[in-house]
Amino acid sequence: MGTFIKRNLLDGLISHLEQKEISLIVGPRQCGKTTIMLTLKNYLEQKGKKTLFLSMDFEPDKEFFISQSKLIQKITLEIGKKEGYVFLDEIQRKENAGLFLKGIYDMNLPYKFIISGSGSVELKEKVHESLVGRKRVFYMTTLNFEEFVNYKTEYKYQNNITDFFTIEKVRTQQLLEEYLNFGGYPKVVLAESIEEKRKIINEIYQSYLEKDISYLLGIRNTDGFSNLIKIIASQIGKLTNFSELSSTLGISVPTLKNYLWYLEKTFIIQRITPYFKNIRKEITKSPVFYFYDYGLRNYILDILGENIQSFDLSFLFQNFVFHLLNASPMDSNVKIHFWRTKEKAEVDFIFESGNNLIPIEVKYKNPKDTIIERSLRSFIIKYKPVTAIVVNINFESEKKIDTTRVLFIPFWKLTKKNIKAWNTDERQLLMR
């Protein structure tokens, strides 16, 4: 098996190379941003284009980031005064990076800039704010399941991956379990032994705590922060009680919320809020958190590479389905929530698109028949959605509850495009 992993983001980045806007790649530490930039650089050089790659992670390169004039002098030296492509890696390490880049962009130089950085506050807030109308953001994650499977099957099925999932059900489930155990950090996927995988994730995590968190929060003792991550890792998909967490960790609620905010901004966890008709209730009610990467989550709980219990797998699968729903930048009118009632009824996800609600229940198993559980039935009776979905491993069927069509589908069919199509198709049938 090779050492190069194809990334789905590459085509979008290539098509954006001819646009004047800055291509801004953001994502977690070690998700492959530098690798994809070097791939783009190689692609351009093969076409005879002039390029320059500088990184704030390389000590010799740092002097060229001291001022705008220093950087332009270096670019001119290497590329000349005509068209060229400039790659700036780990830009979040540059003080006032947003204003620095804005000034250079507004000089209207003949260079195209491709820039990357991990999700620090400097990058996520000030850079975005300063570069309004001057950049397009490309969000990069660790490997998604399709990228993982294509690499593991040596790209044999990359043009008919859905056929592979349909026919190779046992192999698909094996790959899913491996993915839910080790996650999608490229270096972890490439590592052959479990020991090596653990070592790599340990390095990623320690580097995150030492470089990102100590620097951003200005604290040397990250124990409280680490303990918070461990608790969140142990309760993915479950309600988060801020007061309870604050008491357990011995930190104030404002500090707790600040830590959680940093965890979100640095691409470790994602928050989803409950669905309510009353927006005030939605904001004040407890959120649920999911991890960006399963391997990191399992490492934090010291179960990476172990035989994960079925109970834990069900929550990891729920986390996985959240990523399927959240894949690629969301349409502005699409939101993802969960649903809980005081009577303990709960639905894992509510896919809200405009005025349409689609409840989605997640089952890490193959139902033997089309049984609709009480919670999902409660939501259907209350809100009368056109479509409801039960996501599972590979069972496929459907049934009706009043006017709602309930679809039982394998996880790999769960795409935003399919969800909208199922909802639209059924609406058209009802209108006939």
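In the predicted structure, five strands make up an open sheet whose order is 2-3-4-1-5 and whose pairing is parallel. The edges of this sheet are formed by strand 2 (51-55) and strand 5 (135-139), each of which pairs on one side only. On average, and with direction ignored, neighbouring strands of this sheet are turned by 15 degrees against each other. Strand 2 runs parallel to strand 3 (residues 84-89) and is joined to it by five bridges, and within this part of the sheet Ser55 is found opposite Asp89 of strand 3. Helix 1 (residues 9-16) lies across strand 1 (22-27), strand 4 (111-118) and strand 5, and its course makes about 170 degrees with strand 5.

A further open sheet is built from six strands in the order 8-9-10-11-13-12, and here the pairing is mixed. Its edge strands are strand 8 (334-340) and strand 12 (397-401), both of which pair on one side only, while the twist from one strand to the next averages 25 degrees. Helix 16 (residues 310-326) packs on this sheet, where it touches strand 8, strand 9, strand 10 and strand 11 (387-392), and the direction of the helix makes about 5 degrees with that of strand 9.

Strand 9 (residues 346-353) pairs with strand 10 (residues 356-362) in the antiparallel sense over five bridges, and Ile350 stands opposite Pro359 of strand 10. Strand 10 and strand 11, by contrast, pair in the parallel sense over three bridges, and Ile360 has Ile389 of strand 11 as its bridge partner. Strand 11 itself is mostly covered, six of its six residues being buried. In a regular strand, side chains alternate between the two faces of the sheet.

A search of the whole structure returns three cavities of 30 Å³ or more, and the largest cavity holds about 50 Å³ of space. The lining of this largest cavity consists of Pro28, Arg29, Tyr185, Ile204, Tyr205, Tyr208, Thr266, Ile268 and Leu296. Helix 10 (residues 194-217) gives the most to this lining, with three residues. Sorted by class, the lining of the largest cavity comprises seven nonpolar residues, one polar residue and one charged residue.

The second largest pocket contains about 730 Å³ of space. Its lining is made up of 26 residues, of which Leu239, Lys285, Arg340, Thr341 and Lys342 lie nearest the centre of the pocket. At least two residues of this lining are supplied by each of helix 12 (242-249), strand 8 and helix 17 (374-383). By class, the lining of the second largest pocket divides into nine nonpolar, seven polar and ten charged residues.

Note on methods
Residues are numbered from 1 along each chain as its sequence is written. This is a predicted model: local features need pLDDT of at least 70, side-chain atom pairs count only at pLDDT 80 or more; totals for chains, interfaces and linings use all residues. Side-chain values use heavy atoms; hydrogens and water are left out. Two strands pair if DSSP finds at least two bridges between them. Helices (H or I, at least four residues) and strands (E, at least two) are DSSP runs, numbered from the N terminus. Axes are lines fitted to C-alpha atoms, for helices over the stretch in contact, and angles run from 0 to 180 degrees between N-to-C directions. Contact means heavy atoms within 4.5 Å. On a 1 Å grid over the protein atoms alone, a cavity is a set of points where a 1.4 Å probe fits but cannot get out, and a pocket is an open set with protein on both sides within 12 Å along at least five of seven lines; lining residues have an atom within 4 Å of a point. Grid points are joined across faces, edges and corners, and a volume is the space filled by probe spheres set on the points. Ala, Val, Leu, Ile, Met, Phe, Trp, Tyr, Cys and Pro count as nonpolar, Asp, Glu, Lys and Arg as charged, and the others, Gly among them, as polar. Buried means under 20% relative accessible area, exposed over 50%, partly exposed in between (1.4 Å probe, protein chains only).
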